[in-house]
Amino acid sequence: MSAGAVAPVELAVADAAAVLDTAREVVLLAHVDPDADALGSALALGIALHRRGARVQVAFASPERVPESLAPLDALGLLVPPAEVNPAPQVLVSCDAADPGRLGSLGGLLDTAGRTVMLDHHATNPGFGDVRVLDPRAEATVVLAHRVLVAMGVPLDAEVARCLYAGLVTDTRGFRTAGPGAHRLAAELVEAGAEPAALTRALMDSHPFAWFEGLCAALERAVLEPSGLLYTTIPLADVRRYRSEEIDSVVDVLRTAVEAEVVASVMQVGERRWRVSLRSAGRVDVAAVAAALGGGGHRMAAGFTREGTEQEVLAAIRAALPA
Ligand code: 5GP
Ligand code: MN
């Protein structure tokens, strides 16, 4: 790039800010099974836009209820159920969704909205929406949401800062993968009122005691194969019994096994339907593995959902791993 040239992502940030600056009616979507990065991005932008007088709705297609640990991020009550979402908003913002399919049943709004803005940091994102703020170097989508807020000249307040910090601390797994820019942003967010101890406790470090039984069972079922694949399966009964916070945390325990090259948490979400979380120790690009199986994600953390029997899903994972 020649000296003085503006990176395409910076142009997209400016375009996104221009679209949102004049928007009177905005729907912001997080991906299905929303995490703190998806919902934090949507709510941070939503709160800022609401305070500027826009009519704002924040939504995700499924599940029905917001994960308990994320509910406090919705300080202004902007979340609405999918059925109440404006079917043809002036502006639609997609947050942290690696492809339109990740918006679930709300993906159709990409076609009915007046303008669409996409914010994401997944390398597997094919690009969609009128304005595409897509930066795989960003540690989290909240980093991009923050850039848009800066471009709009919005000052950070405690509620917005809390949403941004939530996405930043979780997507970097407690700043393990954060670069200098993300650390600087964290300092800014704490100065603006985000409370690290309270947020990390609620988002990453709390489970009901009853979960220990489910975790024990999941670890007892874990298998380490000679290829370096370490997996466990979580049956439908347990997926239904425990909160998503508990079920999603299993993969973080599995990944601590030093022998594992790739870990897979294989969660039964329907009789013949499986949601799989993949994590890499570094050598294997699990985004490529997940993409081959119909999903996507990042090099070190990815996922997919697939139909079949448990053995079929496991066989598909083995077949998709590099030799
Ligand atoms: P997790 O395992 O925590 O659900 O997801 C890990 C990463 O992979 C996240 O960045 C998430 O957005 C992405 N991911 C998970 N499932 C899917 C999927 O089905 N499709 C795509 N494109 N990305 C996914
Ligand atoms: Mn993310």
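A salt bridge here is a side-chain nitrogen of Lys or Arg within 4 Å of a carboxyl oxygen of Asp or Glu. This is a predicted model, where local features need pLDDT of at least 70 and side-chain atom pairs count only at pLDDT 80 or more, while totals for chains, interfaces and linings use all residues. Residues are numbered from 1 along each chain as its sequence is written, chains are lettered from A and ligands numbered from 1 in the order written, and side-chain values use heavy atoms, with hydrogens and water left out.

**View 1. Arg 279, buried without a salt bridge.** Arg 279 sits in strand β9 (residues 273-280); strands are DSSP runs of E, at least two residues, and helices runs of H or I, at least four, numbered from the N terminus. It is buried (under 20% relative accessible area; exposed is over 50%, partly exposed in between; 1.4 Å probe, protein chains only). The nearest side chain of opposite charge, Asp 252, is 4.6 Å away; Lys and Arg count as positive, Asp and Glu as negative, and His and the chain ends are not counted. Beyond four places in sequence, Arg 279 touches residues including Glu 261, Val 286 and Met 300, contact meaning heavy atoms within 4.5 Å.

**View 2. The manganese ion (ligand 2) and its donors.** Asp 37 (OD), Asp 96 (OD), His 121 (NE2) and Asp 171 (OD) hold the metal at 2.1 to 2.4 Å. Donors are N, O and S atoms within 2.8 Å of the metal (3.2 Å for Na, K and Ca), and with water not among the atoms, sites may look incomplete. Asp 96 comes from the loop between β3 (91-95) and α3 (109-112), and His 121 from the loop between β4 (115-120) and β5 (131-134), so the pair ties together parts 25 residues apart in sequence. Asp 96 is buried at 2% relative accessible area, and His 121 is buried at 2% too.

**View 3. The largest nonpolar core, with 62 residues.** A core is a set of buried Ala, Val, Leu, Ile, Met, Phe, Trp, Tyr and Cys residues joined through side-chain atoms within 4.5 Å. Val 93, Val 133 and Leu 168 have the most contacts inside this one, and helix α2 (residues 36-51) gives the most to it, ten residues. Apart from it lies another core of 20 residues, among them Leu 278 and Phe 304.

**View 4. Cys 95, in no disulfide.** A search of the whole structure turns up zero disulfides (pairs of cysteine sulfur atoms within 2.5 Å). For Cys 95, the nearest cysteine sulfur, that of Cys 163, is 11 Å away. Cys 95 is buried, at 0% relative accessibility.
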